[in-house]
Amino acid sequence: MFNSTTAKTLFKNSEKFRDPLLTADGKERAVVGLTRLRTIWFNTGSLCNITCKNCYMGSSPTNDALIYLKLSHVIKYLEDISEQELPVEEIAFTGGEPFMNKEFTEMMNESLSRGFRVLVLTNAMKPLQHHQEQLRSLKDRYGDALALRVSVDHYTLEGHEKIRGAGTWAQMMEGLQWLSINGFNLNVAGRICFGEPEAEARLGYGEFFRRESINIDEEDRSRLVLFPEMDVDIDVPEITVGCWDILGIRPETIMCASSRMIVHKKGAKNPVIVPCTLLPYDAAFELGNELSKSASNVRLNHPHCAKFCVLGGASCSP
């Protein structure tokens with residue numbers, strides 16, 4: 001089973017990312033504070049219908065380290081947002097594959113009905129396709145307040161299936177084209193991999209979108225989100241407080257400055273809050289189970305913090 005203990009053994013340099021306060025060479029580790037809680041993520045469960053190469057959280061048909069979140073949990077946190085008058089604008093859902101959770105469409109409806117924008121990360125395969133009627137109904141009621149981000153790991157069948165497995169392209173295309181034809185608020189998440197520069201990748205996705213009549217502008221970074229490769233075998237540097245000025249990056253632009261995610265770990269009585277989508281397992285990043293008490297500073301003591309957020313310049317939130 002993929003869990004936090006497994007994750008800690010995956011990285012090449014075992015001396016790095018050990019001390020929450022100091023890097024391996026004794027420098028003060030970078031910290032990100034919560035500046036404005038804009039997005040609440042819900043991880044609906046780590047089970048997925050496929051197993052992808054280099055999935056950052058090891059989602060698969062057998063990984064139930066994060067059990068299915070319940071509708072009652074989502075409602076509780078939505079009510080907390082209202083009662084505490086938190087400045088949350090967006091509710092986002094990820095997995096695993098969210099559409100495998102039997103209560104998921106009700107979670108979307110509950111969030112939309114309370115006036116939030118909703119973002120769903122999905123592979124657009126059979127689990128989504130089994131819910132077309134419910135999705136049409138939500139779109140009719142809430143329009144572009146519902147956005148779906150489809151994972152297309154490469155703009156070629158060969159590249160996509162190298163990561164997602166044989167036979168995944170055709171199913172993904174069926175879901176992607178259905179969403180586009182039916183006018184959903186649609187965007188795509190890809191990966192910058194195979195050694196190609198971002199400009200070349202965007203050009204390739206643009207040609208793919210036009211060829212397949214997918215209504216997405218590849219130059220719009222909110223519509224085509226390109227993530228760095230998440231290979232855990234690649235050694236990455238640690239981020240110190242001095243890196244902000246060196247890199248020209250402001251800590252308030254990092255995902256954990258404006259988001260929190262709710263997960264339900266297997267064996268736990270209640271869900272817990274973590275800083276972002278990339279750290280669902282590690283107990284060191286747990287922030288309790290109350291939104292009002294989850295504003296603690298986040299020390300960037302994980303390889304994903306460095307590779308994905310700081311050096312990769314990526315964020316799951318728009």
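Predicted model: local features only at pLDDT ≥ 70, side-chain atom pairs only at ≥ 80, totals over all residues.
Strand 5 covers residues 146-151, and six of its six residues are buried, so the strand is largely enclosed by the rest of the structure.

**Partners of strand 5**

Strand 5 pairs with strand 4 (residues 117-122). The two run parallel and share five bridges. Strand 5 also pairs with strand 6, again in the parallel sense and over five bridges. Look at Arg149. Leu121 stands opposite Arg149 in strand 5. Arg149 in turn stands opposite Asn187 in strand 6.

**The whole sheet**

Strands of a sheet pair through backbone hydrogen bonds, either parallel or antiparallel.

Start with strand 7. Its partner is strand 6 (residues 185-192), and the two pair in the parallel sense over five bridges. Arg191 has Phe227 in strand 7 as its bridge partner.

Is it buried or exposed? Five of the five residues of strand 7 are buried, so the strand is largely enclosed by the rest of the structure. Leu224, Leu226 and Pro228 point one way from strand 7. Val225 and Phe227 point the other way.

Now take strand 9. Strand 8 (residues 259-263) joins strand 9 through three bridges, and these two strands run antiparallel. Ile262 has Ile273 in strand 9 as its bridge partner.

| Strand pair | Sense | Bridges |
|---|---|---|
| Strand 4 and strand 5 | parallel | five |
| Strand 5 and strand 6 | parallel | five |
| Strand 6 and strand 7 | parallel | five |
| Strand 8 and strand 9 | antiparallel | three |

**Helix packing**

Next come the helices. Helix 2 (residues 71-83) packs against helix 3 (residues 104-113) at an angle of about 15°, with their axes 9 Å apart. Angles under 35 degrees count as roughly parallel. Helix 2 and helix 3 are therefore roughly parallel to each other. Their crossing is right-handed.

Which residues meet? Helix 2 brings Leu71, Val74, Ile75 and Leu78. Helix 3 brings Glu106, Met107, Glu110 and Ser111. By class, this contact has five nonpolar, one polar and two charged residues.

Helix 3 also meets helix 5 (residues 132-142). Their axes come within 11 Å and cross at roughly 5°. That makes helix 3 roughly parallel to helix 5. On the helix 3 side, the contact uses Thr105, Met108, Asn109, Leu112 and Ser113. On the helix 5 side, Gln134, Leu135, Leu138, Arg141 and Tyr142 take part. By class, the contact of helix 3 with helix 5 has five nonpolar, four polar and one charged residues.

Technical notes:
Residues numbered from 1 in each chain as written. Heavy atoms only, no water. Axes fitted to C-alpha atoms, helices over the stretch in contact; angles between N-to-C directions. Helix = DSSP H or I, 4+ residues; strand = E, 2+ residues; numbered from the N terminus. Parallel < 35°, antiparallel > 145°, perpendicular 65-115°, else oblique. Left-handed = near helix turned anticlockwise from the far one by under 90°. Contact = heavy atoms within 4.5 Å. Nonpolar A, V, L, I, M, F, W, Y, C, P; charged D, E, K, R; others polar. Pairing = 2+ DSSP bridges. Buried < 20%, exposed > 50% of the residue type's maximum accessible area, 1.4 Å probe, protein only.
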